[in-house]
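Subject: Structure handover

Hello,

Here is the structure you asked about, with the sequence. My notes on it follow below.

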Amino acid sequence: MPDNDYTTTVYYDEDADSSQIDSKTVAVIGYGSQGHAHAQNLADSGIDVIVGLREGSASRAAAEADGLQVETTAEAAAAADVVSVLIPDTVQPSVYEASIEPNLEAGETLQFAHGFNIHYNQIAPPEDVDVTMIAPKSPGHLVRRNYENDQGTPGLLAVYQDATGDAHEQALAYGEAIGCTRAGVVETTFREETETDLFGEQAVLCGGVTELIKQGYETLVDAGYSPEMAFFECLNEMKLIVDLMYEGGMSEMWNSVSDTAEYGGLTRGNDVIDESVRENMEEVLEGVQDGTFASEWIAENQAGRPSYSRLKAGDRTHEIEEVGDSLRTLFAWAEDADETADEVPADDWYCRRWDSAEPTDRDMRAKTTVVCRRRARPMSEQTLYDKVWERHKVAELPNGADQLFIGLHLLHEVTSPQAFAMLQERDLEVAFPDRTIATTDHVVPTQSETRSRPFADDQAETMLSALEQNVDDAGITFFGPGSGKQGITHVMAPELGLSQPGMTVACGDSHTSTHGAFGSIGVGIGTSQIRDVLATGCIAAEKAAVRRIEVTGSLGAGVSAKDVILKIIGDLGVDGGVGHVYEYGGPAISGLDMEGRLAVCNMSIEGGARAGYINPDQTTYDYLRGREYVPEGDAWDDRVAYWESIQSETDATYDDVVEIDADGLAPMVTWGINPGQVIEVTEQVPYPEDLATGDRDTARKAYDHMDLEPGDTMAGYDIDVAFLGTCTNGRFSDFREAAQILDGEHVASDVRALAVPGSEQVKRKCEAAGIDETFQKAGFQWREPGCSMCLAMNDDQLYGDEICASSSNRNFVGRQGSKEGRTVLMSPAMVAAAAVEGAVTDAREYDGDEPDFVTDESDSGVNAWWLILSRWRWRRFRAAVSPSVERISTPTRSFPRAFSKRSPSRTWENTPSTTPDTTTRATSPITRWTPTMVTC
């Protein structure tokens, strides 16, 4: 065989940016096998879906019964930003010409699940639209079933035409929305997908196998053997053999059959499938490649399919079909197959993306060569994860997953409405309302004057009203605006003491990993799993491997928990944690306060991990004591005893251990378009040749989007917006840290600066300390609690090509509301320094050696008084604080205010009531979605 040196890229959920599609309307043309699956999965992911059908279509009733909007094909295409063409290949050209092409506009997307008509030029799209493909590699009913079971269907991704520059990212987001990235999406081309698919169908899967079965059956029957025995040997057992090969390859199949079968197969198989078959296959492939088959099939359809109908009828009347039909009515295995049709077999396979066979190599981050191997069962023992998992494991499910009890279920307004609707359809009640807490955070406005009800945005008002009604009906505690406890779920729950060690915590939000800071297992779940937790208190889950991340050394002045987690993600990569949970430990982690630990665990998801946690210790107990939902007295002592019992043992076994040195660590800033593209503020932007092979294409996209060149430094990189808040850094200590920088300073005149507390309690605490005054005097807008500019689901967004210094957790393209906008992730202190300078700045230049704020918290842990002390600023004498790091006064490349991609400089009046002119906005006022799981 030729030595083809090919590499394959596989994408997963963490690679997809849902914001690329969540604000778009998708027209699904057709409601057949793939059409119904795509439409329903997209809708369940919160995408605005319209089903396009011809007049009088029999599928209309089914689509409407499934709760979908149905229009004519032309009307659907006219209303959509993405037109997904899922009707049969044979009718696509005529439907496209009559109903789709006249309604396509520049910048829109034509989406396919098979490349036939594009590759063979039956459809010629205009040059100003994107043409993409997401092709699930299974029938539509499995695409839908896997999605409902929170599993995925592998798929293919291809871009034929990229008119907007965002075609690839949008196609990947589409793949995430229909569930393909859960299993893996393989990058290909329209040509490769089309030709390999046709060849596989004709020569092997559909044509070759059926002919082999029929020829074998006829050989036995003609030789005088019973049709029933011939059926079993040539057809029924085919499934068993194929299953073995699917599960473990041909070698697994040979190991599973008898020695007699193995010897016979190895010595006689070539007599049947010999070189002449290979030659015949090459002829079939040639006919696919040169278009002979395509031309023949097109002509066959134009002639009314005479050959097709004759051949199909002949196959249906073959004797083996009659024998099979009779046997299936007589044997229990057929009935069992029907009863288990909705069960999904355990996934014993996984794909990992390594450039080298050595997992410790930095190139492990590259998404290139796909190495498939048998999934090894996690080997960890006596870790906190193992102990907590076993305590909450209810049963092992038939598909190999575990039924896991959830101790705390958090709800918000975006991902819960559909889950409640599913319960209502099934006439089910919430099983454990006392273990469920709801709040509103994603769409709630953060400006005081816009928080009055009803909200100005109808979609936001609908979401919040639905949540209020659902929790009221179910008897669930709800912390709404004005309750004194409203806030971002992952800020509100910890500060109330709802999150505690040894718990399992679930929420329809990927950053539920935050709660692992207490020594719990926090996991983000999808809409179907939200339904399951509401109805049963449990989810189906597979146990992950445990990687211990030992962070040695200590953090210097001006370096925070945010810098630690960005360092970890930078070293291990955004997909380094796939298949793992992270256990963080070591001196640098132990030295963090609880709010710093929350920030570290929050971004475990950005590292590809399923969850992240820190073993509870005295810092944990001191934080929790006296909080509202934490017991007192003897119950407290009992609880602490349990918490200590679930700590990882000193001789615990881990699946992997990684050591990272924090000594000498400088503040970290991202330079690219994912959190793994990160450097110390004192470092240069890397050159492509210094990166793993699989990271180079993404790096080139990042250079272009961020308008950077290799060798540049981020110090001096101009910003337009400073944003402080989110579930990563929206806590009291974050605002205190930033206030130390801002005290006596003022935000640059052309920078818009937003401070958005993570909860009403954080806001009150800051105001009691006078921190809000420090922010406002410095020129920050002091806002109400909410997710805000982290994911831009309300009016807090970037406009045009603005650059934002952000304390959030993701810097994907379009994440903050504008496709042209750019996000630079950093710590709260770095955000404050950047706001003052109008450019990325090393916050250590602002460090002095006198404390700025002193606390004397009351027993409640909520109310506090704070004293703001004056201090000397040693901005130009940072060597006194960190003498080993020299000030970068002249960056390798300077970034003037008139930045190359930027619009003319603007001056914002930084008051709470001021927002930019919405006529300049690049996106709609609110991203309209109700996703299956909010990735925020």
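Helices (H or I, at least four residues) and strands (E, at least two) are DSSP runs, numbered from the N terminus. On that basis the chain has 33 helices and 32 strands. This is a predicted model, in which local features need pLDDT of at least 70 and side-chain atom pairs count only at pLDDT 80 or more, while totals for chains, interfaces and linings use all residues. Residues are numbered from 1 along each chain as its sequence is written, and side-chain values use heavy atoms, with hydrogens and water left out.

Overall picture

Of the 936 residues in the chain, 55% are buried. Buried means under 20% relative accessible area, exposed means over 50%, and partly exposed is in between (1.4 Å probe, protein chains only). Contact means heavy atoms within 4.5 Å. Among contacts in the chain with a separation of 6 or more, 75% are between residues 24 or more positions apart.

Helix pairs

Two helix pairs are described here. Axes are lines fitted to C-alpha atoms, for helices over the stretch in contact, and angles run from 0 to 180 degrees between N-to-C directions. Angles under 35 degrees count as roughly parallel, over 145 as roughly antiparallel, 65 to 115 as roughly perpendicular and the rest as oblique.

The axes of helix α1 (residues 33-44) and helix α6 (residues 140-148) cross at roughly 20 degrees and come within 7 Å. That angle makes α1 roughly parallel to α6. The crossing of α1 and α6 is left-handed, meaning that the near helix is turned anticlockwise from the far one by less than a right angle (clockwise would be right-handed). From α1, the residues Ser33, Gln34, His36, Ala37, Gln40, Asn41 and Asp44 meet Gly140, His141, Val143, Arg144 and Tyr147 of α6. By class, the contact of α1 with α6 has three nonpolar, seven polar and two charged residues. Here Ala, Val, Leu, Ile, Met, Phe, Trp, Tyr, Cys and Pro count as nonpolar, Asp, Glu, Lys and Arg as charged, and the others, Gly among them, as polar.

For helix α9 (residues 190-205) and helix α10 (residues 207-222), the axes come within 3 Å and cross at roughly 10 degrees. α9 and α10 are therefore roughly parallel to each other. Glu201, Gln202, Ala203, Val204 and Leu205 of α9 make the contact with Gly207, Gly208 and Val209 of α10. The residues in the contact of α9 with α10 divide into four nonpolar, three polar and one charged.

Salt bridges

Side chains of opposite charge can pair when their charged atoms come close. A salt bridge is counted when a side-chain nitrogen of Lys or Arg is within 4 Å of a carboxyl oxygen of Asp or Glu. The whole structure has 28 salt bridges.

Which parts of the chain does the pair Lys701 and Glu169 link? Their side chains meet in a salt bridge, at 3.7 Å from N to O. Lys701 is in helix α28 (residues 696-706) and Glu169 in helix α7 (residues 167-177), so the pair links distant parts of the chain, 532 residues apart. Lys701 is partly exposed, at 39% relative accessible area, and Glu169 is partly exposed at 22%.

Glu282 and Arg278 also form a salt bridge, with their closest N and O atoms 3.3 Å apart. Both are in helix α13 (residues 275-289), and because they are four residues apart, about one helical turn separates them. Glu282 is partly exposed at 44%, as is Arg278 at 45%.

In helix α23 (residues 561-572), Lys567 and Asp571 lie four residues apart, about one turn of the helix. Their side chains meet in a salt bridge at 3.5 Å, N to O. Asp571 is partly exposed, at 26% relative accessible area. Elsewhere, salt bridges that share partners join Asp44, Arg144 and Glu148 into one network.

Cys601 lies in helix α25 (residues 594-602) and is buried, with a relative accessible area of 0%. Its C-alpha atom is 4.7 Å from that of Thr514, 87 residues away along the chain. Not counting residues up to four places away in sequence, Cys601 touches Ser513, Thr514, Gly516, Ala517, Tyr584, Gly612, Tyr613 and Ile614.

Gln529, in helix α22 (residues 527-536), is buried at 8% relative accessible area. Leaving aside neighbours within four places in sequence, Gln529 is in contact with Asp150, Ile539 and Ala540.

Regards
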